[in-house]
Amino acid sequence: MEIGVIGTGYVGLVTGAVFADLGNDVICADIDEDKVERLNRGEVPIYETGLDEMIHRNVEGGRLTFTIDVHRLVRESELIFICVGTPPKDDGETDLSYVERAAQAIAHAIDDYKVIVNKSTVPVGTGALVSDIIDRHKRKSVRFDVVSNPEFLREGSAIQDTLAPDRIVIGAPNKTVAMRLLELYAPLERPMLITDVPSAEIIKYASNAFLAMKISFINAVANVCEQAEANVDDVAKGMGYDTRIGRGFLYPGLGFGGSCFPKDVESFVHKSGELGYDFKLLKEVLSVNRERAPHLLGIIRKSMGSLEGKVLGVLGLAFKDNTDDMRDAKSVEVIRALLEEGAKVKAYDPVAMDNARSILNGVEFCPSAYAAAEGADALVVVTEWREFRQLNLVRLKELMARPLIFDGRNIYDVERTKRLGFEYHCMGKA
Ligand code: UDX
């Protein structure tokens, strides 16, 4: 199929690369000329396992091209995916200006029947908005359909999630257009749900909000466990064996960050309010999440007293493992608070340090976890990188000025750290 993808952020790049890899002809457009030039030279602007390779393979094979010319993209594509950013406004509402701009560009260029597919995460009603914009601005009297096909990929496993999603959701205005999408996704052989456009739009927000709720739930339980001398990891495991609950997304810690959960939950709350429903449950999910970093900082203060002049090694800067993404990363909140209280911060992350440098001032960035631990009065684990689980704790202890660990992601074993002579604090355990 001839496919156009507008927007070369996370979702657009991965979507374009995967569709090309399935044998389609894909044109990706972006308004950032420099980015497009770099992509055409084979330089991939984000860190994502397998993406570089997939892009190179398909650019070389002539199935994937990048352009700033949206008009050409619209004319040459039968399916046009909108994959632009949908950032939050201050009040939690989603800023749809990039989606609106993409819809206008499509309207100006559309010269024949096209299927426009919204893949960006957008509040319910956006499909109708895109339809309306194209109708009002189109220069030729042509038909088109607008479909909602939300993306569920996670950063760090984006390619795998796109090739083998748990489900493919297609919100279509009629059966004929739904069949076009079914045909495109058929090679993946995954479960597909066909529904109307508003339901598909809500599926995306309800899914992310539910997962965020699981995380806040276990973090609230962690608070109870700390008071009751219970072990939240065992509690989560015991709950998760129940197939109705499931084990995923019950890992306690510093809570959720990143470019999706915080903004999507805010947006769902905002949209629900607009529609006349006060989604108090989700407001509480956000509030529990906001308390996580202050909670860890409270544990640090209680154990260390004043932080003035103390050296703290911070392990992990990205919002989660396997990504260099710093958006809404808990590290920023934790590190800024430590610096404000007079601590000296030495930080290390396997891939996010370049991005972190432009956000965090006054931090000493170290070449390894061991370097960050050298001379430290305490170590603070902020991101759940596998590399940190595999550290040689004996070596770490020898390097530190004081064997003290604050583990914001519960990656170490309480008994083992104690046996090795560490003072070890984590989340949700006595
Ligand atoms: C999420 C959704 O999973 C994905 O389906 C959607 O398309 C985009 O948003 P992502 O933001 O990439 O993906 O990361 P995810 O792996 O879901 O983690 C989100 C945050 O929750 C991270 O900060 C992570 O550290 C935290 N988390 C996750 C927990 O604190 N506990 C858990 O049990 C799981």
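## A buried pair

Keep in mind that this is a predicted model. Start with Lys119 and Glu151: their side chains form a salt bridge, with N and O 3.2 Å apart. Lys119 sits in the loop between β5 (114–118) and α6 (126–137), while Glu151 sits in the loop between β6 (144–148) and α7 (158–163), so this pair ties together parts that are 32 residues apart in sequence.

Are these two residues buried or exposed? Lys119 has a relative accessible area of 3%, so Lys119 is buried. Glu151 is buried too, at 8%. The cut-off behind that label is a relative accessible area under 20%.

## Partly exposed pairs

Side chains of opposite charge can pair when their charged atoms come close. Another example is Glu78 with Arg180, a salt bridge whose closest N and O atoms are 3.1 Å apart. This one links distant parts of the chain: Glu78 is in the loop between α4 (70–76) and β4 (79–82), Arg180 is in helix α8 (residues 175–185), and they are 102 residues apart. Glu78 is partly exposed, with a relative accessible area of 27%, and Arg180 is partly exposed as well, at 24%.

Now find Lys138 and Asp135. They form a salt bridge, and their closest N and O atoms are 3.1 Å apart. Lys138 counts as partly exposed at 24% relative accessibility, and Asp135 counts as partly exposed at 44%.

How many salt bridges turn up in a search of the whole structure? The search finds 23.

## Two helices that pack

Two packed helices are described by the angle between their axes and the distance between the axes. For helix α13 (residues 292–304) and helix α14 (residues 330–340), the angle is about 40 degrees and the axes are 9 Å apart. That angle makes α13 oblique to α14. The crossing of α13 past α14 is right-handed.

Which residues make the contact? From α13 come Ala293, Pro294, Leu297 and Ile300, and from α14 come Glu333, Val334, Ala337 and Leu338. Sorted by class, the contact has seven nonpolar residues, one charged residue and no polar ones.

Notes. Residues are numbered from 1 along each chain as its sequence is written. This is a predicted model: local features need pLDDT of at least 70, side-chain atom pairs count only at pLDDT 80 or more; totals for chains, interfaces and linings use all residues. Side-chain values use heavy atoms; hydrogens and water are left out. Axes are lines fitted to C-alpha atoms, for helices over the stretch in contact, and angles run from 0 to 180 degrees between N-to-C directions. Helices (H or I, at least four residues) and strands (E, at least two) are DSSP runs, numbered from the N terminus. Angles under 35 degrees count as roughly parallel, over 145 as roughly antiparallel, 65 to 115 as roughly perpendicular and the rest as oblique. A crossing is left-handed if the near helix is turned anticlockwise from the far one by less than a right angle, and right-handed if clockwise. Contact means heavy atoms within 4.5 Å. Ala, Val, Leu, Ile, Met, Phe, Trp, Tyr, Cys and Pro count as nonpolar, Asp, Glu, Lys and Arg as charged, and the others, Gly among them, as polar. A salt bridge is a side-chain nitrogen of Lys or Arg within 4 Å of a carboxyl oxygen of Asp or Glu. Buried means under 20% relative accessible area, exposed over 50%, partly exposed in between (1.4 Å probe, protein chains only).
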